[in-house]
Amino acid sequence: MDIPLIVHMLQLSNDINWKYQTKSSNKYCLGMKGNRCNWPRGKVMGGSSVLNYMIATRGGAEDYDRWAKMGNEGWAYKDVLKYFKKLETIDIPELQSDNIYHGTKGPLHISYPLFRTPLAKAFLDAGKELGYPLLDYNGKNIIGFSYLQTTMVNGTRMSSNRAYLHPARNRRNLHVTRESMVKKVLINRHTNRAIGVEFIKHRQIIRVFASKEIILCAGAIGSPQILMLSGIGPTKHLNELGIDVVRDLPVGENLMDHVAFGGLTWTVDDPVSIRIADIINPTYPYMKDFLMTKSGPITVPGACEALAFIDTKHSTKLDGLPDMELLFIGGGLKGDMILPIVMGLNNAMHQIWNKYITTYGWTILPMLLKPESRGRIRLLANDINVKPEIIPNYFDNPNDVKTMINGIKAAISVGRTKAMKLFGSRLTNDTYPGCENYEYDSYDYWECAMRTVSLTIYHFTGTCKMGPKEDPTAVVDPRLKVIGIQGLRVADGSIMPEIISGHTNIPIFMIAEKLADMVKEDWGYSNES
Ligand SMILES: Cc1cc2nc3c(=O)[nH]c(=O)nc-3n(C[C@H](O)[C@H](O)[C@H](O)COP(=O)(O)OP(=O)(O)OC[C@H]3O[C@@H](n4cnc5c(N)ncnc54)[C@H](O)[C@@H]3O)c2cc1C
């Protein structure tokens, strides 16, 4: 099931993917069927860490310092660095001695994939040509070009399930119930204390009760959904659905994601990139390499090989936070046979994609790191089986459009470097359906293009925002306790007050590690940490 190169195939399964879709919009995902973006989420032990592309990034130090400045005491980078180190075993030899930033004893292994195309090296050379450093983006600074660090060991996935649950599975104080859908948290209305959870298993409704506290980790869609169904959320909205309000809180607001532009593929002349037709060709050694020795291109998750963090507004500034990521893929996104299904592309877009099925190429996904737009999640019914309404509001704020266009231009300048030209790289300059009236390469053209090929990078966050108790936009306090409710915490991507400048998996592991320490401290077990 878990073959790194074709990781996106996991999204095709109804058994392990929730298959959410955003509400139809006339502002984004215009190249997708029904103008809806597909939002996959792991419906499996280990959640989305079982479906993800295994890219291991922390974000920048200033991301966490900004959280602290918002009143979240204990969340500055100097406070959370120890958890980033604690959670990892860094298997990248040259980073193992960097004990300021890296750990070597944690449950989660981080390594380089065991294969690289020559294009990945060229991408790094392009970075140097453009004046950027090559660096460890999980170290002191993040602006620069780097090969991808991944949550893999020996060419195979390290999910949260494998890293944390498997080693603990024989503990007597751990009980896991599978195929169980939480309906709501049970709350004693007199004491405002969460006392248990109601869930459905094999059509049976079961209640379990907590002697100490409940920690909700259902992700940025599931956690706000469960809280609202439990009566914790915006009063007006809950009233409309006939849900008794226990506590009025802005649950479901502040939805953030990293959106990318999915239309920048370059073709090359020689067979230097990863192409699925070659991988499945039995006369090539790739299948055998993977099956026998877990090596070769099949160990590269989704063909993602490298990235650059750049600050498009201050191109010479190499410290602080970037505003764009350029994610490098050693294969053509256009021409990929599975992705159009996964992305839900409409027929007109399919035709563009199909033109490139036989070509070799490479791709950059420019990804907006600090969106100013905010979306929201709302219930559509007082019923856990009805998926909530998801409105990401991509590109709602004009600054996001501007930054994204800067990112697109930066990606195009990578394609113009000597390093990339060595391979005869040519940008596929398709005019996207609906953008025919704009002059190609103009500001308006790129705006239209990004609203057409809007690609989620799956980093849904922020819907149970962390903040000090006095903050009217906060749902949980800095100890992750739901404000105004006793015995209930949330610990997952939903608590991020502001999305970090990187992929979200590792930061959420950090949140979980910090939560574990806070729980121990609060119950008097802290000297065991
Ligand atoms: C396709 C994909 C690719 C990604 N690629 C990367 C990447 O390369 N690098 C990276 O850093 N990040 C990546 N991410 C994002 C990253 O995986 C997520 O941010 C992270 O796993 C989210 O963790 P979480 O704990 O907030 O939620 P989740 O991991 O989604 O966990 C929530 C869990 O709660 C369960 N749940 C929800 N509702 C209920 C309910 N009512 N009852 C019972 N259980 C419930 C879900 O089934 C799930 O198991 C990717 C995500 C996806 C989907």
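Visitor: Which residues form a nonpolar patch on the surface?
Guide: Val-44, Met-45, Leu-174 and Val-176 form that patch, and together they have about 250 Å² of accessible area. A patch here is made of residues with over 30% relative accessible area and no salt bridge, where nonpolar side chains (Val, Leu, Ile, Met, Phe, Trp, Tyr) are joined within 5 Å and like charges within 9 Å. The areas themselves come from the Shrake-Rupley method with a 1.4 Å probe, and for residues only the protein chains shown count as cover. This is a predicted model, in which local features need pLDDT of at least 70 and side-chain atom pairs count only at pLDDT 80 or more, while totals for chains, interfaces and linings use all residues. Residues are numbered from 1 along each chain as its sequence is written, and side-chain values use heavy atoms, with hydrogens and water left out.

Visitor: Where is Val-176 in the chain?
Guide: Val-176 is placed in the loop between H4 and strand E8 (180–188); helices (H or I, at least four residues) and strands (E, at least two) are DSSP runs, numbered from the N terminus. Val-176 has a relative accessible area of 37%, so it is partly exposed, a term for values between buried, under 20%, and exposed, over 50%, with a 1.4 Å probe and protein chains only.

Visitor: Let's move to helix H2. Which of its residues are buried?
Guide: In H2, which runs over residues 77–87, the buried residues are Tyr-77, Val-80, Leu-81, Tyr-83, Phe-84 and Leu-87. They lie on the same side of H2, because they cover an arc of only 170 degrees around the axis, the arc being that of the directions from the helix axis to the C-beta atoms.

Visitor: What covers those buried residues of H2?
Guide: The cover includes helix H1 (61–69), helix H4 (160–168) and helix H14 (505–522), together with strands E3 (88–90) and E4 (108–110); contact means heavy atoms within 4.5 Å.

Visitor: And which exposed residues are on the face turned away from the buried side of H2?
Guide: That face carries Lys-78 and Lys-82, which are exposed. For Lys-78, the relative accessible area is 69%.

Visitor: What does Lys-78 form a salt bridge with?
Guide: Lys-78 forms a salt bridge with Asp-79, and their closest N and O atoms are 3.2 Å apart. A salt bridge is a side-chain nitrogen of Lys or Arg within 4 Å of a carboxyl oxygen of Asp or Glu. Asp-79 counts as partly exposed, at 21% relative accessibility.

Visitor: Which side chain meets Lys-86 in a salt bridge?
Guide: Lys-86 meets Asp-517, at 4.0 Å from N to O. This pair links distant parts of the chain, since Lys-86 is in helix H2 and Asp-517 is in helix H14, 431 residues apart. Asp-517 counts as buried at 9% relative accessibility, whereas Lys-86 is partly exposed at 37%.

Visitor: How many salt bridges does the structure hold?
Guide: The structure holds 29 salt bridges. Among them is the one in which the side chains of Glu-198 and Arg-207 meet, at 2.8 Å from N to O. There is also a network of salt bridges that links Glu-213, Arg-479, Lys-481, Arg-489, Glu-521 and Asp-522.

Visitor: Changing topic, how many disulfides are there?
Guide: A search of the whole structure finds two disulfides, each being a pair of cysteine sulfur atoms within 2.5 Å. One of them is formed by Cys-29 and Cys-37, with the sulfur atoms 2.2 Å apart, and both of these cysteines are buried. The link of Cys-29 and Cys-37 is right-handed, with 115 degrees about the S-S bond.

Visitor: Which cysteine does a disulfide join to Cys-435?
Guide: Cys-435 is joined to Cys-448, and the distance from S to S is 2.1 Å. The link of Cys-435 and Cys-448 is left-handed, with -85 degrees about the S-S bond. Cys-435 is in the loop between strand E21 (426–427) and helix H13 (443–452), while Cys-448 is in helix H13.
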